[in-house]
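Please keep the sequence and the structure in view while reading.

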Amino acid sequence: MAGRFAPRSTRTTVRGGHVAVPGGVPRQAAAPPRVRTWTPEGPLDLGLVLGPLRRGPGDPTFRAMPDGSVWRASRTPAGPGTLRVTRYGDEIRGEAWGPGAQWLLDGLPDLLGAADDPSLFEPRHKLLALTRHRRPGLRLTRTGLVLESLIPSVLEQKVTTVEAYRAWRLLVRKYGESAPGPAPGRMYVMPEPRTWALIPSWEWHRAGVDNKRASTILRAVRVAARMEEATRMEPAAAQARLEVLPGIGPWTSAETVQRSHGAPDAVTVGDLHLPGIVGWALAGDRRADDAVMLELLAPYAGQRHRAARLILLSGQVPARRAPRMPVGDIGRL
(Lines give C-alpha, C1' and ligand atoms only; values in the text may rest on other atoms or scores of the structure.)
Protein backbone atom coordinates (compact mmCIF):
# COMPACT_ATOMS: atom_id res chain seq x y z
CA MET A 1 0.00 0.00 0.00
CA ALA A 2 2.95 2.32 0.58
CA GLY A 3 3.18 5.12 -1.94
CA ARG A 4 -0.41 4.88 -3.17
CA PHE A 5 -1.30 8.25 -1.72
CA ALA A 6 0.73 11.22 -2.91
CA PRO A 7 1.37 13.90 -0.26
CA ARG A 8 -1.26 16.63 -0.38
CA SER A 9 -0.01 20.06 -1.38
CA THR A 10 -0.09 22.54 1.47
CA ARG A 11 -0.45 26.28 1.39
CA THR A 12 1.69 28.63 3.40
CA THR A 13 0.77 32.21 4.10
CA VAL A 14 3.77 34.48 3.54
CA ARG A 15 4.47 38.11 4.26
CA GLY A 16 2.25 40.51 2.37
CA GLY A 17 -0.81 38.24 2.43
CA HIS A 18 0.22 36.23 -0.63
CA VAL A 19 -0.64 32.54 -0.51
CA ALA A 20 2.09 30.40 -2.02
CA VAL A 21 1.44 26.92 -3.40
CA PRO A 22 4.26 24.35 -3.73
CA GLY A 23 5.45 24.16 -7.31
CA GLY A 24 4.80 27.83 -7.96
CA VAL A 25 1.23 27.30 -9.23
CA PRO A 26 -0.99 30.19 -8.09
CA ARG A 27 -4.26 29.33 -6.40
CA GLN A 28 -7.17 29.76 -8.77
CA ALA A 29 -10.07 31.99 -7.79
CA ALA A 30 -13.20 30.07 -6.82
CA ALA A 31 -15.83 29.74 -9.52
CA PRO A 32 -19.13 31.55 -8.92
CA PRO A 33 -21.47 29.42 -6.79
CA ARG A 34 -24.76 27.92 -7.78
CA VAL A 35 -27.44 29.57 -5.66
CA ARG A 36 -30.86 28.59 -4.38
CA THR A 37 -33.20 30.41 -2.03
CA TRP A 38 -35.90 28.69 -0.03
CA THR A 39 -38.47 29.90 2.50
CA PRO A 40 -39.33 27.37 5.20
CA GLU A 41 -42.78 27.04 6.68
CA GLY A 42 -42.59 27.99 10.32
CA PRO A 43 -39.55 28.61 12.55
CA LEU A 44 -36.21 27.05 11.68
CA ASP A 45 -33.01 26.99 13.74
CA LEU A 46 -30.00 26.16 11.53
CA GLY A 47 -27.88 25.17 14.50
CA LEU A 48 -30.43 22.71 15.88
CA VAL A 49 -31.21 21.20 12.49
CA LEU A 50 -27.66 20.76 11.21
CA GLY A 51 -25.91 20.27 14.54
CA PRO A 52 -26.19 16.43 14.50
CA LEU A 53 -24.10 16.36 11.30
CA ARG A 54 -21.10 17.85 13.09
CA ARG A 55 -18.62 15.25 14.37
CA GLY A 56 -16.81 17.25 16.99
CA PRO A 57 -15.47 20.82 17.07
CA GLY A 58 -12.68 20.00 14.60
CA ASP A 59 -14.84 18.19 12.02
CA PRO A 60 -13.15 18.93 8.66
CA THR A 61 -16.45 18.46 6.79
CA PHE A 62 -18.48 20.94 8.86
CA ARG A 63 -17.98 24.53 9.90
CA ALA A 64 -20.31 26.91 11.79
CA MET A 65 -19.22 30.50 11.31
CA PRO A 66 -19.63 33.56 13.60
CA ASP A 67 -21.99 35.17 11.07
CA GLY A 68 -24.47 32.32 11.56
CA SER A 69 -23.72 30.54 8.28
CA VAL A 70 -23.05 26.81 8.15
CA TRP A 71 -20.64 25.15 5.69
CA ARG A 72 -20.73 21.47 4.75
CA ALA A 73 -18.41 19.48 2.49
CA SER A 74 -20.05 16.33 1.14
CA ARG A 75 -19.39 13.53 -1.29
CA THR A 76 -22.59 13.35 -3.31
CA PRO A 77 -23.60 10.90 -6.06
CA ALA A 78 -22.53 13.63 -8.52
CA GLY A 79 -19.13 14.16 -6.88
CA PRO A 80 -17.65 16.35 -4.14
CA GLY A 81 -19.45 19.54 -3.25
CA THR A 82 -19.42 22.37 -0.73
CA LEU A 83 -22.61 23.94 0.61
CA ARG A 84 -22.96 27.22 2.49
CA VAL A 85 -26.31 27.83 4.19
CA THR A 86 -27.25 31.28 5.46
CA ARG A 87 -30.42 32.79 6.81
CA TYR A 88 -31.68 36.23 5.76
CA GLY A 89 -34.87 36.99 7.64
CA ASP A 90 -37.42 34.35 6.68
CA GLU A 91 -35.40 33.22 3.66
CA ILE A 92 -32.70 30.57 3.47
CA ARG A 93 -29.92 31.03 0.93
CA GLY A 94 -27.86 28.08 -0.22
CA GLU A 95 -24.62 28.52 -2.18
CA ALA A 96 -22.80 25.48 -3.55
CA TRP A 97 -19.58 24.71 -5.40
CA GLY A 98 -18.07 21.69 -7.09
CA PRO A 99 -19.47 18.79 -9.18
CA GLY A 100 -22.00 18.00 -6.45
CA ALA A 101 -23.28 21.59 -6.17
CA GLN A 102 -26.61 21.07 -7.92
CA TRP A 103 -27.28 17.84 -6.03
CA LEU A 104 -26.73 19.65 -2.74
CA LEU A 105 -29.03 22.51 -3.71
CA ASP A 106 -31.74 20.12 -4.88
CA GLY A 107 -31.65 18.51 -1.44
CA LEU A 108 -31.49 21.77 0.53
CA PRO A 109 -35.12 21.72 1.76
CA ASP A 110 -34.85 18.12 2.99
CA LEU A 111 -31.50 18.90 4.60
CA LEU A 112 -33.26 21.64 6.58
CA GLY A 113 -36.20 19.48 7.60
CA ALA A 114 -38.81 20.21 4.93
CA ALA A 115 -39.82 16.53 4.91
CA ASP A 116 -40.16 16.52 8.70
CA ASP A 117 -43.53 17.19 10.34
CA PRO A 118 -43.11 18.30 13.96
CA SER A 119 -46.89 18.67 14.35
CA LEU A 120 -47.15 14.87 14.59
CA PHE A 121 -45.42 15.02 17.97
CA GLU A 122 -47.79 15.26 20.94
CA PRO A 123 -45.91 15.82 24.21
CA ARG A 124 -47.22 13.77 27.12
CA HIS A 125 -44.72 15.07 29.64
CA LYS A 126 -44.43 18.64 30.87
CA LEU A 127 -40.68 18.62 30.27
CA LEU A 128 -41.09 17.78 26.59
CA ALA A 129 -43.90 20.29 26.10
CA LEU A 130 -41.76 23.03 27.66
CA THR A 131 -38.67 22.11 25.65
CA ARG A 132 -40.61 22.05 22.37
CA HIS A 133 -42.02 25.48 23.22
CA ARG A 134 -38.51 26.80 23.86
CA ARG A 135 -37.04 25.16 20.76
CA PRO A 136 -39.62 25.78 18.02
CA GLY A 137 -36.95 25.72 15.30
CA LEU A 138 -36.08 22.03 15.77
CA ARG A 139 -36.42 19.97 12.59
CA LEU A 140 -34.93 16.58 11.74
CA THR A 141 -32.39 16.80 8.93
CA ARG A 142 -32.37 14.39 5.99
CA THR A 143 -29.08 14.29 4.09
CA GLY A 144 -29.94 11.55 1.59
CA LEU A 145 -26.44 10.13 2.08
CA VAL A 146 -25.67 6.95 4.03
CA LEU A 147 -21.89 6.49 4.12
CA GLU A 148 -21.13 9.99 5.39
CA SER A 149 -23.17 9.17 8.51
CA LEU A 150 -22.42 5.45 8.71
CA ILE A 151 -18.61 5.69 8.74
CA PRO A 152 -18.31 8.20 11.62
CA SER A 153 -20.99 6.26 13.51
CA VAL A 154 -18.88 3.10 13.22
CA LEU A 155 -15.87 5.07 14.48
CA GLU A 156 -17.93 6.01 17.56
CA GLN A 157 -18.64 2.41 18.53
CA LYS A 158 -17.55 1.59 22.11
CA VAL A 159 -15.04 4.46 22.43
CA THR A 160 -15.19 7.99 23.78
CA THR A 161 -16.39 10.73 21.47
CA VAL A 162 -12.95 12.34 21.79
CA GLU A 163 -11.32 9.23 20.29
CA ALA A 164 -13.93 8.90 17.56
CA TYR A 165 -13.79 12.57 16.56
CA ARG A 166 -9.99 12.42 16.41
CA ALA A 167 -10.04 9.36 14.14
CA TRP A 168 -12.59 10.97 11.79
CA ARG A 169 -10.59 14.19 11.68
CA LEU A 170 -7.26 12.51 10.97
CA LEU A 171 -8.54 10.12 8.31
CA VAL A 172 -10.62 12.69 6.42
CA ARG A 173 -7.80 15.25 6.38
CA LYS A 174 -5.23 12.72 5.23
CA TYR A 175 -7.24 10.80 2.62
CA GLY A 176 -10.04 13.19 1.69
CA GLU A 177 -9.80 16.06 -0.76
CA SER A 178 -10.00 19.80 -0.25
CA ALA A 179 -13.54 21.12 -0.26
CA PRO A 180 -14.46 22.86 -3.56
CA GLY A 181 -14.99 26.59 -3.66
CA PRO A 182 -14.01 29.25 -1.11
CA ALA A 183 -14.62 27.01 1.90
CA PRO A 184 -13.05 28.01 5.22
CA GLY A 185 -9.53 26.71 5.72
CA ARG A 186 -8.86 23.00 6.29
CA MET A 187 -12.27 21.81 5.13
CA TYR A 188 -12.25 18.49 3.31
CA VAL A 189 -14.64 16.13 1.53
CA MET A 190 -14.50 12.64 2.99
CA PRO A 191 -12.67 10.01 0.90
CA GLU A 192 -14.48 8.10 -1.82
CA PRO A 193 -15.25 4.42 -1.12
CA ARG A 194 -12.25 3.07 -3.03
CA THR A 195 -9.91 5.34 -1.09
CA TRP A 196 -11.32 4.13 2.23
CA ALA A 197 -10.71 0.57 1.04
CA LEU A 198 -7.04 1.31 0.27
CA ILE A 199 -6.11 2.89 3.61
CA PRO A 200 -3.24 0.80 5.03
CA SER A 201 -3.79 -1.05 8.29
CA TRP A 202 -1.11 0.96 10.09
CA GLU A 203 -2.88 4.21 9.25
CA TRP A 204 -6.06 2.95 10.90
CA HIS A 205 -3.92 2.08 13.90
CA ARG A 206 -2.29 5.52 13.98
CA ALA A 207 -5.75 7.10 13.95
CA GLY A 208 -6.69 5.01 16.98
CA VAL A 209 -9.12 2.73 15.13
CA ASP A 210 -9.03 -0.93 16.14
CA ASN A 211 -9.27 -3.74 13.62
CA LYS A 212 -12.93 -4.49 14.36
CA ARG A 213 -14.16 -0.99 13.50
CA ALA A 214 -11.79 -0.68 10.53
CA SER A 215 -13.01 -4.02 9.16
CA THR A 216 -16.63 -2.91 9.50
CA ILE A 217 -15.93 0.25 7.50
CA LEU A 218 -14.08 -1.74 4.85
CA ARG A 219 -17.03 -4.11 4.47
CA ALA A 220 -19.38 -1.15 4.11
CA VAL A 221 -17.39 0.72 1.46
CA ARG A 222 -17.02 -2.45 -0.63
CA VAL A 223 -20.81 -2.45 -1.04
CA ALA A 224 -21.16 1.33 -1.04
CA ALA A 225 -23.74 1.37 -3.82
CA ARG A 226 -25.97 -1.05 -1.90
CA MET A 227 -25.59 1.06 1.22
CA GLU A 228 -26.60 4.25 -0.58
CA GLU A 229 -29.64 2.49 -2.07
CA ALA A 230 -31.02 2.44 1.46
CA THR A 231 -31.85 6.15 1.15
CA ARG A 232 -34.80 5.14 -1.04
CA MET A 233 -36.16 2.80 1.64
CA GLU A 234 -38.28 3.45 4.69
CA PRO A 235 -36.10 3.95 7.79
CA ALA A 236 -36.89 0.54 9.30
CA ALA A 237 -36.05 -1.23 6.04
CA ALA A 238 -32.90 0.86 5.69
CA GLN A 239 -31.78 -0.16 9.16
CA ALA A 240 -32.35 -3.80 8.27
CA ARG A 241 -30.26 -3.33 5.12
CA LEU A 242 -27.39 -1.81 7.09
CA GLU A 243 -27.51 -4.46 9.82
CA VAL A 244 -26.88 -7.21 7.29
CA LEU A 245 -23.21 -6.23 7.44
CA PRO A 246 -21.26 -7.77 10.35
CA GLY A 247 -20.26 -5.06 12.81
CA ILE A 248 -23.34 -2.88 12.22
CA GLY A 249 -26.00 -3.28 14.88
CA PRO A 250 -29.10 -1.36 16.01
CA TRP A 251 -27.06 1.44 17.62
CA THR A 252 -25.07 2.20 14.46
CA SER A 253 -27.99 1.82 12.07
CA ALA A 254 -30.17 4.14 14.16
CA GLU A 255 -27.46 6.78 14.40
CA THR A 256 -27.14 6.61 10.61
CA VAL A 257 -30.79 6.80 9.54
CA GLN A 258 -31.47 9.59 12.02
CA ARG A 259 -29.29 11.71 9.73
CA SER A 260 -29.62 10.10 6.30
CA HIS A 261 -33.41 9.69 6.50
CA GLY A 262 -34.49 12.19 9.14
CA ALA A 263 -36.15 9.23 10.87
CA PRO A 264 -38.30 10.53 13.77
CA ASP A 265 -38.76 7.08 15.36
CA ALA A 266 -35.20 5.70 15.07
CA VAL A 267 -34.43 5.72 18.79
CA THR A 268 -30.85 4.80 19.68
CA VAL A 269 -30.64 1.57 21.68
CA GLY A 270 -27.43 0.14 23.08
CA ASP A 271 -26.12 3.57 24.09
CA LEU A 272 -24.11 3.90 27.29
CA HIS A 273 -25.75 7.12 28.48
CA LEU A 274 -29.09 7.68 26.72
CA PRO A 275 -31.25 5.21 28.74
CA GLY A 276 -30.18 6.82 32.01
CA ILE A 277 -30.81 10.32 30.65
CA VAL A 278 -34.30 9.41 29.38
CA GLY A 279 -35.07 7.49 32.57
CA TRP A 280 -33.98 10.41 34.74
CA ALA A 281 -35.89 13.02 32.72
CA LEU A 282 -39.17 11.12 32.51
CA ALA A 283 -39.22 8.98 35.65
CA GLY A 284 -36.36 10.02 37.92
CA ASP A 285 -34.63 6.69 37.22
CA ARG A 286 -30.97 7.22 36.45
CA ARG A 287 -30.33 3.45 36.28
CA ALA A 288 -32.79 2.84 33.45
CA ASP A 289 -31.71 0.37 30.78
CA ASP A 290 -32.85 0.04 27.17
CA ALA A 291 -36.02 -1.84 28.13
CA VAL A 292 -37.07 0.85 30.61
CA MET A 293 -36.21 3.61 28.12
CA LEU A 294 -38.32 2.03 25.39
CA GLU A 295 -41.19 1.61 27.83
CA LEU A 296 -41.00 5.28 28.80
CA LEU A 297 -40.89 6.33 25.15
CA ALA A 298 -43.72 4.00 24.10
CA PRO A 299 -46.32 6.82 24.21
CA TYR A 300 -44.26 8.55 21.54
CA ALA A 301 -44.29 5.66 19.08
CA GLY A 302 -43.44 7.02 15.66
CA GLN A 303 -41.68 10.02 17.24
CA ARG A 304 -39.32 8.42 19.77
CA HIS A 305 -36.15 9.91 18.29
CA ARG A 306 -37.67 13.39 18.40
CA ALA A 307 -38.67 12.81 22.03
CA ALA A 308 -35.09 11.77 22.85
CA ARG A 309 -33.71 14.86 21.07
CA LEU A 310 -35.99 17.11 23.10
CA ILE A 311 -34.93 15.41 26.32
CA LEU A 312 -31.27 16.01 25.47
CA LEU A 313 -32.03 19.63 24.61
CA SER A 314 -33.86 20.12 27.91
CA GLY A 315 -30.63 19.83 29.87
CA GLN A 316 -32.22 17.44 32.37
CA VAL A 317 -29.21 15.17 32.71
CA PRO A 318 -28.42 13.29 35.94
CA ALA A 319 -25.34 14.40 37.83
CA ARG A 320 -22.24 12.35 37.10
CA ARG A 321 -21.33 9.87 39.85
CA ALA A 322 -18.35 8.14 38.30
CA PRO A 323 -15.18 9.32 36.58
CA ARG A 324 -15.32 9.88 32.86
CA MET A 325 -14.37 6.97 30.65
CA PRO A 326 -10.60 7.24 30.08
CA VAL A 327 -9.54 8.39 26.63
CA GLY A 328 -7.41 5.75 24.93
CA ASP A 329 -5.04 5.97 21.99
CA ILE A 330 -4.08 2.65 20.46
CA GLY A 331 -1.90 4.55 17.99
CA ARG A 332 0.67 4.89 20.76
CA LEU A 333 0.95 1.12 21.19
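## Terms for helix packing

Angles over 145 degrees between two axes count as roughly antiparallel, and those under 35 degrees as roughly parallel. Angles of 65 to 115 degrees count as roughly perpendicular, and the rest as oblique. Two packed helices are described by the angle between their axes and the distance between the axes.

## Helices H5 and H9

The model discussed here is predicted. In it, helix H5 covers residues 147-155 and helix H9 covers residues 211-222. The two pack at an angle of about 165°, and their axes are 9 Å apart. H5 and H9 are therefore roughly antiparallel to each other. Their crossing is right-handed.

On the H5 side, the residues in contact are Leu147, Leu150, Ile151, Val154 and Leu155. On the H9 side, they are Arg213, Thr216, Ile217, Ala220 and Val221. By type, the residues of this contact between H5 and H9 divide into 8 nonpolar, 1 polar and 1 charged.

## Helices H13 and H14

Helix H13 (residues 274-283) packs with helix H14 (residues 290-297) at an angle of about 45°, with the axes 9 Å apart. That angle makes H13 oblique to H14. The crossing of H13 with H14 is left-handed.

H13 contributes Leu274, Pro275, Val278, Gly279, Leu282 and Ala283 to the contact. These residues meet Asp290, Met293, Leu296 and Leu297 in H14. The residues of the contact of H13 with H14 comprise 8 nonpolar, 1 polar and 1 charged.

## The loop between H5 and H6

Lysine 158 lies in the loop between H5 and H6. Its phi is near 55°, which is a positive value in a residue other than glycine. Is lysine 158 buried or exposed? With a relative accessibility of 76%, lysine 158 counts as exposed.

Threonine 160 is also placed in the loop between H5 and helix H6, and H6 spans 161-175. Threonine 160 has a relative accessibility of 10% and therefore counts as buried, since buried means under 20%. Its side chain makes a polar contact of 2.9 Å with the side chain of glutamate 163.

Glycine 58 sits in the loop between helix H1 (46-50) and strand E4 (62-64). At 23% relative accessibility, glycine 58 counts as partly exposed. Which residues does glycine 58 contact, leaving aside its neighbours within four places in sequence? They are Arg169 and Arg173. Glycine 58 and tryptophan 168 are 110 residues apart in sequence, while their C-alpha atoms are 9.5 Å apart in space.

Arginine 186 is in the loop between strand E8 (177-178) and strand E9 (188-189). Phi of arginine 186 is near 60°, a positive value in a residue that is not glycine. Arginine 186 has a relative accessible area of 48% and is partly exposed.

## The chain as a whole

The protein chain contains 15 helices and 9 strands. Of its 333 residues, 46% are buried.

How much of the contacts with a separation of 6 or more comes from residues 24 or more positions apart? In the protein chain, such residues account for 66% of those contacts.

Terms used
Residues are numbered from 1 along each chain as its sequence is written. This is a predicted model: local features need pLDDT of at least 70, side-chain atom pairs count only at pLDDT 80 or more; totals for chains, interfaces and linings use all residues. Side-chain values use heavy atoms; hydrogens and water are left out. Axes are lines fitted to C-alpha atoms, for helices over the stretch in contact, and angles run from 0 to 180 degrees between N-to-C directions. Helices (H or I, at least four residues) and strands (E, at least two) are DSSP runs, numbered from the N terminus. A crossing is left-handed if the near helix is turned anticlockwise from the far one by less than a right angle, and right-handed if clockwise. Contact means heavy atoms within 4.5 Å. Ala, Val, Leu, Ile, Met, Phe, Trp, Tyr, Cys and Pro count as nonpolar, Asp, Glu, Lys and Arg as charged, and the others, Gly among them, as polar. Buried means under 20% relative accessible area, exposed over 50%, partly exposed in between (1.4 Å probe, protein chains only). A polar contact is a pair of N or O atoms within 3.5 Å; within protein, one must be able to donate a hydrogen and the other to accept it, and residues adjacent in sequence count only if both atoms are side-chain atoms.
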